[in-house]
Amino acid sequence: MEPGGRRGLASARGPASATRKPRQEPGAGAEARAPGVSAVRARRFLLCLYLVGFLDLFGVSMVVPLLSLHVKSLGASPTVAGIVGSSYGILQLFSSTLVGCWSDVVGRRSSLLVCILFSALGYLILGASTNVFLFVLARVPVGIFKHTLSISRALLSDLVAEKERPLVIGQFNAASGVGFILGPMVGGYLTELDGGFYLTAFICFSVFILNAGLVWLFPWRDAELTSTEKGLPVGKNPALWGKTDCEVQEAAAPCQSRASGKPARPPWVEVTSTLRDMKSLIFSEMWDIFMVRLLMAVAAMLYYSNFMVGLQERFGVRPRAAGYLISYSSALGALAGLALGPILRLYRHDGHAVLLHSSALTCVLLLLHAATHTVAVAVLCASLLAVSTAVGRTCITDLQLAAGGAQASGTVIGVGQSVTAVGRIVAPLLSGVAQEVSPCGPPSLGAVLALVAIFIMSVNRPRYGRGGRDKLKSE
């Protein structure tokens with residue numbers, strides 16, 4: 001726009017003005033250098049987000065493995081401990097979509113800060129829980145506001161181009177996975193000290209406070225400039241950090257409504273309106289994506305929920321060795337996020353094909369794990385399953401964002417988390433029934449569910465072929 005405008009002014013002023021054209025070269029050189037500066041800014045902000053994901057799962061994974069032991073030490077019966085454990089999933093079921101939609105309305109910066117601070121409050125109360133009531137009370141703010149990773153993924157979707165999104169989300173998952181690998185090791189060491197659980201919970205609280213400080217100090221101006229240079233809507237950029245100045249978002253709908261004399265609607269009205277608009281899209285156009293997500297999530301949970309018990313009953317593997325195998329698998333899952341870029345290039349950035357093939361591999365590996373009689377094959381299955389499930393999770397998130405559109409990425413990811421929460425509620429029940437039949441029952445049932453997901457993806461494959469994403473968005 002600027003060079004064209006200058007040429008118009010030169011022609012209007014005549015030959016004398018035209019002779020000064022060469023003086024535009026320094027400006028052109030600055031514009032040529034702008035992409036490099038933009039890339040540095042984008043990379044800096046992405047690294048900040050990766051650090052937030054790492055610290056989030058590092059703090060959580062220090063405490064979560066110790067929760068069942070702590071609540072039992074407070075005198076809770078196994079039934080009460082199970083109910084308390086399920087309460088987190090139930091809260092997540094209802095809060096994921098609402099918080100995701102709320103982040104679309106008020107902005108990523110405000111929603112991230114609120115979620116991190118309330119989660120920190122929950123872990124602070126947990127560190128002071130000397131009875132079951134305080135323990136349950138501590139899980140309430142965490143169950144409602146522990147959506148840091150979901151909002152971060154929505155923010156990544158705001159910042160990067162659609163072609164780069166699976167790679168960046170995979171790197172974010174890898175950084176978070178490293179935190180999940182290191183956290184249990186630190187938590188296990190601290191637990192052996194006097195008052196170890198309370199010390200671990202307080203350290204987790206401190207990690208979340210540190211995370212909130214990082215979010216507050218983020219270079220949010222770089223995020224705004226990066227999203228503008230990526231070609232995203234102008235009105236979307238202020239939503240990254242909750243700014244509502246009409247001078248900045250001239251093309252945004254809220255300011256247009258103000259310019260036309262319509263009063264701005266309260267945030268809860270905006271949330272309700274967004275959810276109403278998303279309802280038809282989810283149930284008419286995205287039902288297959290969320291069904292596949294639910295089936296594959298339950299299949300993976302069936303496998304991992306009885307992993308240690310199955311290894312002990314079928315192969316006589318000691319719990320310590322099984323724990324090492326879990327850490328090894330988690331490390332492979334983190335590395336799979338870094339390998340997603342070459343995989344997507346191999347598939348020419350066809351995310352649906354990657355998801356279909358990774359789900360097929362998961363199905364085969366679950367069947368092989370259920371049928372094997374040797375530890376070596378079980379270890380091989382565990383290794384490859386860590387890779388296939390990690391790749392599948394990233395691809396299904398990318399398909400959700402592609403089908404749901406850029407304007408409600410937080411809502412779409414929130415709905416996906418609610419679907420996963422349904423899986424957390426259903427999987428233990430199915431796992432218990434399958435375990436009654438056979439120690440091989442949970443992975444076998446998981447393979448059946450994965451096969452159903454593959455069938456759904458195969459039937460709906462034409463909608464996700466070339467141009468399928470554009471078709472979904474236009475609809």
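Is arginine 348 counted as buried or exposed? At 69% relative accessibility, arginine 348 counts as exposed, where exposed means over 50% relative accessible area, buried under 20%, and partly exposed in between (1.4 Å probe, protein chains only). The structure is a predicted model, in which local features need pLDDT of at least 70 and side-chain atom pairs count only at pLDDT 80 or more, while totals for chains, interfaces and linings use all residues. Residues are numbered from 1 along each chain as its sequence is written, and side-chain values use heavy atoms, with hydrogens and water left out.

The protein contains 22 helices and zero strands; helices (H or I, at least four residues) and strands (E, at least two) are DSSP runs, numbered from the N terminus. Of its 475 residues, 48% are buried. Contact is defined as heavy atoms within 4.5 Å. Among contacts between residues at least 6 apart in sequence, 81% join residues at least 24 apart.

Arginine 348 is placed in the loop between helix H17 (340-346) and helix H18 (351-371). Its phi is near 55°, a positive value in a residue other than glycine. Histidine 349 lies in the loop between H17 and H18 and has a phi near 60°, again positive in a residue other than glycine. Most residues other than glycine have a negative phi. Histidine 349 is partly exposed, with a relative accessible area of 32%. In helix H18 itself, leucine 367 is partly exposed at a relative accessible area of 48%.

A nonpolar core is a set of buried Ala, Val, Leu, Ile, Met, Phe, Trp, Tyr and Cys residues joined through side-chain atoms within 4.5 Å. The largest such core has 52 residues, of which Val63, Tyr123 and Leu126 touch the most other members. Elements giving two or more residues to this core are helix H3 (25-63), helix H4 (67-73), helix H5 (78-106), helix H6 (108-127), helix H7 (132-145), helix H8 (148-159), helix H9 (165-191) and helix H10 (196-216). H3 supplies the largest share, eleven residues. A second, separate core holds 46 residues, including Leu311, Leu344, Val419 and Leu449. In soluble globular proteins, nonpolar side chains tend to be buried together.

Leaving aside neighbours within four places in sequence, valine 63 is in contact with Tyr123, Leu126, Phe197, Thr200, Ala201 and Cys204. Not counting residues up to four places away in sequence, threonine 200 touches Met62, Val63, Leu66, Gly187, Leu190 and Thr191. Threonine 200 and leucine 126 are 74 residues apart in sequence and 9.9 Å apart in space, C-alpha to C-alpha. Cysteine 204 is likewise buried, at a relative accessible area of 0%. A search of the whole structure finds zero disulfides, a disulfide being a pair of cysteine sulfur atoms within 2.5 Å.

Several helix pairs were examined through their axes, which are lines fitted to C-alpha atoms, for helices over the stretch in contact, with angles running from 0 to 180 degrees between N-to-C directions. Angles under 35 degrees count as roughly parallel, over 145 as roughly antiparallel, 65 to 115 as roughly perpendicular and the rest as oblique. The axes of H6 and H8 come within 9 Å and cross at roughly 165°, so the two helices are roughly antiparallel. This crossing is left-handed; a crossing is left-handed if the near helix is turned anticlockwise from the far one by less than a right angle, and right-handed if clockwise. Arg108, Ser111, Leu112, Cys115 and Ile116 in H6 meet Thr148, Ile151, Ser152, Ala154, Leu155 and Asp158 in H8. Of these residues, cysteine 115 is buried, with a relative accessible area of 0%.

Helix H20 (residues 409-437) pairs with helix H14 (residues 287-305), their axes coming within 8 Å and crossing at roughly 40°. H14 is therefore oblique to H20, and the crossing is right-handed. Residues making this contact include Phe290, Arg293 and Leu294 of H14 and Val412, Val415 and Gly416 of H20. The axes of H5 and H20 come within 7 Å and cross at roughly 175°, so H5 and H20 are roughly antiparallel to each other. Among the residues that meet here are Gly89, Ile90 and Gln92 in H5 and Ser409, Gly410 and Val415 in H20.
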